[in-house]
Every structure is written in C-alpha cells, then in structure tokens.
Amino acid sequence: MPLTGETKNIKVTLEAKYKEGDILCAEGNVNYDGTIYLWFAKESHYGLGYDVEIKDNGKIPSKDIDFISAAIRTSIEENIVETTYRIKKQF
C-alpha cells in the first residue's frame, strides 16, 4: 500500500547578515504553514556552521524545526535571500 501524506511549503527568507564583534550573525523569517516566524542565527563557537533559533513558541514540530534550521544554515552560507522547500509528511 503506498504511503500518503500532506505536503507543507516552507519559505525561508534571509533579511540580514552582519557581524557582532567577531561573530557572524544573520536574521530573517520563515513562513511555515501560513504563519511567519522570525529566526536568528549566529556563528557557532567552534566555527562550524551556525546556531539557529526560531521564535515559534513550540508551535513547529521538532522534526520540522531540524529541517528548517538546516535550510536556514544553507541560506546563510550560500547567501540565498529567499527559497521555498516542501516537506511531505508520510502516514
């Protein structure tokens, strides 16, 4: 029997990339399921990518947060101002 599921479009927007002292930072928003959430990222202490914080008050499932955080990191590293992803939920 084939798996069925629901597809969600997620739009990641990179609004600013800047330095605070010696640390690279970025901020923007993510449109998840029709709701816009702000995010903030700063270079990790070890220089390996970015620590991302999405201000969603626990409304986005943790599995999707991981995917969105990875998309945000890619947007920052590749200087992608706006991009859309699809997440397909499998049942």
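## A salt bridge at Lys-8

In this predicted model, Lys-8 and Asp-33 are joined through their side chains by a salt bridge, with an N to O distance of 3.1 Å. Lys-8 belongs to strand 1 (residues 5-20), while Asp-33 sits in the loop between strand 2 (23-32) and strand 3 (35-43), so the pair ties together parts that are 25 residues apart in sequence.

Lys-8 has a relative accessible area of 11%. Because buried means under 20%, Lys-8 counts as buried.

## The other salt bridges

The structure has 3 salt bridges. One of them links Lys-11 and Glu-82, whose closest N and O atoms are 3.9 Å apart. Lys-11 is in strand 1 and Glu-82 in strand 5 (residues 82-90), so this pair ties together parts that are 71 residues apart in sequence. Lys-11 is partly exposed at 34% relative accessibility, and Glu-82 is partly exposed at 47%.

Glu-53 and Lys-55 also form a salt bridge, and 3.3 Å separates their closest N and O atoms. The relative accessible area of Glu-53 is 43%, which makes Glu-53 partly exposed. Lys-55, at 48%, is partly exposed as well.

## Ser-75 in the helix

Ser-75 is located in helix 1, which spans residues 62-78. Ser-75 is buried, and its relative accessible area is 0%.

What does Ser-75 contact, leaving aside its neighbours within four places in sequence? The residues are Val-12, Leu-14, Ile-80, Thr-83 and Tyr-85. Of these contacts, Val-12 and Leu-14 fall within the range of strand 1 (residues 5-20), and Thr-83 and Tyr-85 fall within that of strand 5 (residues 82-90).

## The chain as a whole

The protein chain contains 1 helix and 5 strands. Read from the N terminus, the order of elements is β-β-β-β-α-β. Along the principal axes, the C-alpha atoms fill a box of roughly 55 × 25 × 25 Å. Among contacts between residues at least 6 apart in sequence, 43% join residues at least 24 apart.

Of the 91 residues in the protein chain, 33% are buried. The chain exposes about 6,100 Å², and carbon and sulfur atoms supply 50% of that area. There are 12 positive and 15 negative side chains, and the centres of the two sets lie 6 Å apart.

Conventions: Residues numbered from 1 in each chain as written. Predicted model: local features only at pLDDT ≥ 70, side-chain atom pairs only at ≥ 80, totals over all residues. Heavy atoms only, no water. Helix = DSSP H or I, 4+ residues; strand = E, 2+ residues; numbered from the N terminus. Buried < 20%, exposed > 50% of the residue type's maximum accessible area, 1.4 Å probe, protein only. Contact = heavy atoms within 4.5 Å. Salt bridge = Lys/Arg side-chain N within 4 Å of Asp/Glu carboxyl O. Areas by Shrake-Rupley, 256 points an atom, 1.4 Å probe, with all protein chains shown as cover. Lys, Arg positive; Asp, Glu negative; His and termini not counted. Charge placed at Lys NZ, Arg CZ, Asp CG, Glu CD.
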